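Let's walk through this model together, moving from where its chains meet to the way its parts are packed. Keep the structure open beside you as you read.

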Amino acid sequence: MKKNRKLLALALALGLMVSLLAGCGTQTAATPTPTAAAPEAFNLNVCIASEPNTIDPQLNTAVDGATLINHAFEGLMKLDSEGEIVPAQAASYSVDDTGTVYTFTLRDDIKWSDGEPVKASDFVYAWQRLVDPATASEYNYMIDMVVNANEIMAGEKDPSELGIVAKDDKTVEITLNNPTAYFLEIAAFPATYPVRKDVIDAKGDQWTFEDYVCNGPYVLTDWSHNEYMLYSKNPEYYGVDSLGPDTIKFYLMDDTNAMLAAFNSGELAFIDDVPTNEIPALKEAGTLTIEGQMGTYFVCFNTEKAPFDDARVRKAFSLVIDRNYIVDQVAQGGQIPASAYVPTGLSDVSPTDDFRAVGGDYYSVKTEDYEANCEQARQLLSEAGYPDGKSFPAVEYMYNTSEGHKAIAEALQNMWQTELGVTVTITNQDWAAFIDTRHNGDFQIARHGWLADYNDPISFLDMWVTGGGNNDANYSNADYDALISAVKTSSDRTERITKMHEAEDILMADMPVAPIYFYTDLYMINPNLQGFYSSPLGYKYFMYTSMAA
Amino acid sequence: MVKYILKRILMAAVTVLLIACITFGLMNMVPGGPFLSEKAPSQAVLDALNEKYGLDQPVIVQLKNYLIHAAQGDFGVSFKMQKNRPVTTIISELFPISAKVGAIALVFAVLIGVPIGCIEAYFRGKAVDNALTVISTIGIAIPTFVVATMLLILFGVVWKVLPTVGLTTWQSYLMPCFSLGLYPMCYVARLTRSSMLDAIGQDYIKTARAKGLPTNRIIFKHALRNSLIPVITYLGPLTAYILTGGFVVEKVFSIGGLGRYFIQSLLNRDYPLIMGTTIFLAIIIVTMNLIVDILYKVVDPRINLTKGVD
């Protein structure tokens, strides 16, 4: 009897477990949505990020937003799969002899997704909207080389005075203050894409949600907020026949483990982020793609406050950073140890030369030279009045809360303490507070990172001019300022690049920042997905993909 | 009863108002703001943004304006997370998703949790009780994210029998609802068991036994009703939290619900969204508490609602 009771109990318990789990397990027949369906319909499922903050071309500042905008809109120029800037909505363009007047002739066959023709005035409206203070666009400075842009942004002139005019329905003429080497790239930048005045006038801020009229290869046909955005081919697009997927579904996810699970289960053909702790295993398995990215991870010294008002101290702190250790053992994402501030991937005088390769290393990042670097650092610290780190005040390193930044902070703390004999504490703040603190100069050493807006080293160098809005190091050097100012007004490519190398020489001699590594872009892609490409700014292009059987 | 309810509703309104004011104050005291980013916007842009969204006013004026607009049903637009989208639209769109998953999880928790508790009490000290106790204790001890991740890996990745992303088919509800409901189910079972044991020891149960009523009738009819009060007390706030979204479950299964907005809006300093989600949660909690108090009366007629308030 007793035995029977026990058996019964066991059976009950088991039955309960099974009934609970059975609810989950009996649906074997229902398979997840396949990535590639019948050959005539190719529905691509990808994940690049979570819900975008905005998909308004003039308001967006994010990389994921730019990818979404690139699928729905097209500018005067665009980036092709070879990485070249080629005419897009413009059929052709010409530049006058001074290099300051660009004339774009629009294609005849371009239409908005509601069938209206795309006119030159649509570009004029979008560019004026970008600099209009009422729009409050954070990327308005992207076109600060256009005549009157700075005055309009400062509220001194009316947006209608911007140096862009519609000569007729098909001709856009843009006048610049100075010749700008990377201007065509600006004409391919999402913030400069055309938008429809009548739509925005009618819908106001709600237009992206209620009437998202666009002129690019795809149209947003379904948006389930926080879940997915479904893009379908835009039948009005002139190049609709050469497009790949019939639909592209951008899943909106923010959990990297969930992304990886969905990729492994075959539900997603592309994920733009992976869990940091999985990187070594994924690298080993060879399923992870690592691409260079135009960006630098660095620490920023507050050059106005002792002890970091002394360049020798800053240099000492920079030299003892074992960049190889951080890249290989901590970050583990295939990053490149930084031997300078401007990262790899930006063009030099000849577009085929790399600015970084020409500029060379400012200190050795070879493993075998690390001991010598440390010796030199101790020497510098001693010269600054702190032999063996004695009497050096305790300093604080601040980073924004994140597992990855924390691991690097701990490594840095360890290197500084062991090699220099100084005391370093580490502290963190959440992102919004951190940005505020760093911007206000309430720090001694802070984490920093910078990604390029366009392929020109000035995108990195002009932030350190005296009083610059992003100059959180409060760095100031008159020679540096003069060089940057000369670069910004020069039209001669050789002269510009030479001066930028000279500016970087000064920057690295003063060392207001200690570069750690150059960023990489990590993603996973289904090996059968062909025709995918990405830009050095991290934008992803799915419109010409196909799925091999 | 009606007087009591009216009084409670009035108190609830005052509570929500207080919560709104305190949240508004705290939110503005936290350093950082919604418009800061790695690439610092120019002062002109910042000024334009502050003016556009009314942040150029003193905090007390902002609060006054907010309350006046909120009273008219206008809770402002999101500053950042869904830039320029009305907060009411965002909440009314996301809440049903969270509520659906939450409601299923809740029903599952109660419908299975309560009977398990009864069975445990019925077999007190026996093997069945011990086995179920072990299982429910494990269910309470394992954090939701472990359950959710394990299910995701087993059913989604290894066996590939259930979808891992979003809520498209009914199968996609299984893992999220189970993960969300497991803890409350086990907790409800434990609660039911202990209060049931209390009830079984009462005189009226002895009377029922003496009258020769069958045991299952005693347990499920007479004892259960009285042992439900602690469960109902627990269910009030639980319902509020579970309906507004399980943050972890929504994250792991990529469900576009309200849950993650509670935390994300704060990290983004998306002021109107912080206010909107907080006030919304506050309203649900005070409502649930009211319902719970009324339910007490239903399960136990001896409870006098008007007493103690007057």
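**Where the two chains meet**

In this predicted model, 58 residues of chain A are in contact with 55 residues of chain B; two residues are in contact if their C-beta atoms, placed from the backbone, lie within 7 Å. On the chain A side, the elements that give two or more residues are helix 1 (2-25), strand 10 (247-252), helix 8 (256-264) and helix 15 (431-439). Helices here are DSSP runs of H or I with at least four residues, and strands are runs of E with at least two, numbered from the N terminus. Helix 1 of chain A gives the most to this side, with nine residues. By class, the side of chain A that touches chain B holds 26 nonpolar, 21 polar and eleven charged residues. Ala, Val, Leu, Ile, Met, Phe, Trp, Tyr, Cys and Pro count as nonpolar, Asp, Glu, Lys and Arg as charged, and the others, Gly among them, as polar.

A word on conventions: residues are numbered from 1 along each chain as its sequence is written, and chains are lettered from A and ligands numbered from 1 in the order in which they are written. As the model is predicted, local features need pLDDT of at least 70 and side-chain atom pairs count only at pLDDT 80 or more, while totals for chains, interfaces and linings use all residues.

Now turn to chain B, which has twelve helices and zero strands. Its C-alpha trace spans about 85 × 60 × 30 Å along the principal axes. Of its 310 residues, 42% count as buried, meaning that 20 or more other C-beta atoms, placed from the backbone, lie within 10 Å of the residue's own.

For a pair of helices in chain B, find helix 7 (residues 171-200) and helix 9 (residues 215-243), whose axes come within 8 Å and cross at roughly 155 degrees. Axes are lines fitted to C-alpha atoms over the stretch in contact, with angles from 0 to 180 degrees between N-to-C directions. Helix 7 and helix 9 of chain B are therefore roughly antiparallel to each other, a label for angles over 145 degrees. Among the residues making the contact are B:Leu180, B:Tyr187 and B:Leu191 of helix 7 and B:Leu224, B:Val231 and B:Tyr234 of helix 9. The contact residues of this pair divide into 15 nonpolar, four polar and one charged.

Methods:
A residue is buried if 20 or more other C-beta atoms lie within 10 Å of its own, exposed if 12 or fewer, and partly exposed in between; C-beta atoms are placed from the backbone. Angles under 35 degrees count as roughly parallel, over 145 as roughly antiparallel, 65 to 115 as roughly perpendicular and the rest as oblique.
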